[in-house]
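Please keep the sequence and the structure open while reading.

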Amino acid sequence: MKNHCDPNQSSYLQNLTLLLGVSESAYFCGNLIQSPFLNKIKIPRFIIVTNVGLDAATSSISVFRINPNTGEISQVSGSPFQLSNRPRFTVTNSTGTVVYVPNIGNKSVSVLNLNPETGSLSLKHPDLVLSSTPYSLALDPNGKYLYASSEQNPEIHRMAIGSNDNLTILSPAMPTSNPSGICR
């Protein structure tokens, strides 16, 4: 008979993995084991709204908290957050903590931090300036590349996302017919 508490047995690892994958905590071989996975799973709790404005003084981003029980929304403290380059649309990384914003005021893309607890926004990196005005953004499924359609030229810009979420332009831009928007 196998001892399921013997770490040298294959059943030990299989049982432990199953318990941690489906439970917040579990007793295993006489010890309480806490799952390292459940605290890292985030459910989107915010709506991010770009306020393009007519100029730098009227451009901002509003963040609203979503009540998971009622669906009601309320503006978070400090919102709207000033972003003076006329932001248009947004896309977030898979964890919802990094927000990428195309700016029509200076042909750039902003990289912002979104605090997962408070919803506050802050600049993470200086804006990345492109050769033409970005209109909309899309992330690849692996979160390694960001794509921006151009408002002025028939092209799509491709950017690499670094380990610290910094953007690097990958040349050349891909020609296309009329990229008014992109999505994945």
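In this predicted model, the side chains of Arg-45 and Glu-117 meet in a salt bridge, at 3.7 Å from N to O; the term stands for a side-chain nitrogen of Lys or Arg within 4 Å of a carboxyl oxygen of Asp or Glu. A search of the whole structure finds two salt bridges.

Because the model is predicted, local features need pLDDT of at least 70 and side-chain atom pairs count only at pLDDT 80 or more, while totals for chains, interfaces and linings use all residues. Residues are numbered from 1 along each chain as its sequence is written, and side-chain values use heavy atoms, with hydrogens and water left out.

**Arg-45 and Glu-117**
- Arg-45 lies in the loop between β2 (31-34) and β3 (46-51), and Glu-117, 72 residues apart from it, in the loop between β9 (108-114) and β10 (121-129); strands are DSSP runs (E, at least two residues), numbered from the N terminus.
- Arg-45 has a relative accessible area of 30% and is partly exposed, as is Glu-117 at 47% (buried is under 20%, exposed over 50%, partly exposed in between, with a 1.4 Å probe and protein chains only).

**Lys-124 and Asp-165**
- The side chains of Lys-124 and Asp-165 form a salt bridge at 3.1 Å, N to O, which links strand β10 with the loop between β13 (155-161) and β14 (167-175), 41 residues apart.
- Lys-124 is partly exposed at 29% relative accessibility, whereas Asp-165 is buried at 16%.

Key: Helix = DSSP H or I, 4+ residues; strand = E, 2+ residues; numbered from the N terminus.
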